[in-house]
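The structure is shown first.

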Amino acid sequence: MAESTQEAIQRLLAEGLEHYGTGQVSQAVRLWRQVLALDPENAEAREYLETAEDEAGDAPNAGSAAAAAPADATATLLEEAQARLRADDAETALELFETVAERDSERLEVHGYVDMVRSRLLKQYRERLGNGLPSLKLTPEQLMKYNLPADAGFLLAMIDGHTPVNDLISLSGMDEFRVLRNLAQMLDAGIVEVPL
């Protein structure tokens, strides 16, 4: 089945990010220009191209040894994140991409990776949890051994076996990704069950 224009755009954007993240800027630029050929108003491709061009303009000034060490560490983290993503370990990849994004907030391609991996995980969580009715598998005493983050504890307090996943998202005030990620992690840890 032939891919739609929108699917082609998403594929080209993602491939461009991968090339850009591994230092293959000219290939990334070529792919992002293909996106603009398909959709001349695509803001994402325009931002990526602008960042790549800005970086290319700064290249002669980027030779100091002091700047090289953090850049090398960031590059190593980025390579590991990409390897994890290729190995279908999206959870670890997301953590690594988020770490890189925190260290260097100007790296637009990393933010693109974060968005792409979050989107992939969100789909996986949705398929896994549906709109089931989460319920606790453990007693409050058993829960004490877990060091849950505050948002997971807050969510846990709302789980009663009668409230479906979509209602938990609405009631929690948290974004869908955080709720589903917390539920999936608690499901993996055996804290809750979510019959579909």
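## Helix 8 and helix 9

In this predicted model, helix 8 and helix 9 cross with a right-handed sense. Phe154, Leu155 and Met158 form the helix 8 side of the contact, and Leu168, Leu171 and Ser172 form the helix 9 side. By residue class, this contact holds 5 nonpolar residues, 1 polar residue and no charged residue.

Helix 8 spans residues 150-158 and helix 9 spans residues 165-172. Their axes lie 11 Å apart, and the packing angle is about 125 degrees. Angles from 65 to 115 degrees count as roughly perpendicular and those over 145 as roughly antiparallel, so helix 8 and helix 9 are oblique to each other.

## Nonpolar core

The largest nonpolar core comprises 53 residues. Trp32, Phe97, Leu155, Leu183 and Met186 have the most contacts inside this core. Helix 6 (residues 108-129) supplies the largest share of the core, with 8 residues. Leu155 also belongs to the contact between helix 8 and helix 9.

Leaving aside residues up to four places away in sequence, Trp32 touches Leu12, Leu13, Gly16, Leu17, Tyr20, Ala45, Tyr48, Leu49 and Ala52.

## Overall fold

The protein contains 10 helices and 2 strands. Their order along the sequence is α-α-α-α-α-α-β-α-α-α-α-β.

Of the 196 residues in the protein, 37% are buried. Among contacts with a separation of 6 or more, 63% join residues 24 or more positions apart.

Technical notes
Residues are numbered from 1 along each chain as its sequence is written. This is a predicted model: local features need pLDDT of at least 70, side-chain atom pairs count only at pLDDT 80 or more; totals for chains, interfaces and linings use all residues. Side-chain values use heavy atoms; hydrogens and water are left out. Axes are lines fitted to C-alpha atoms, for helices over the stretch in contact, and angles run from 0 to 180 degrees between N-to-C directions. Helices (H or I, at least four residues) and strands (E, at least two) are DSSP runs, numbered from the N terminus. Angles under 35 degrees count as roughly parallel, over 145 as roughly antiparallel, 65 to 115 as roughly perpendicular and the rest as oblique. A crossing is left-handed if the near helix is turned anticlockwise from the far one by less than a right angle, and right-handed if clockwise. Contact means heavy atoms within 4.5 Å. Ala, Val, Leu, Ile, Met, Phe, Trp, Tyr, Cys and Pro count as nonpolar, Asp, Glu, Lys and Arg as charged, and the others, Gly among them, as polar. A nonpolar core is a set of buried Ala, Val, Leu, Ile, Met, Phe, Trp, Tyr and Cys residues joined through side-chain atoms within 4.5 Å. Buried means under 20% relative accessible area, exposed over 50%, partly exposed in between (1.4 Å probe, protein chains only).
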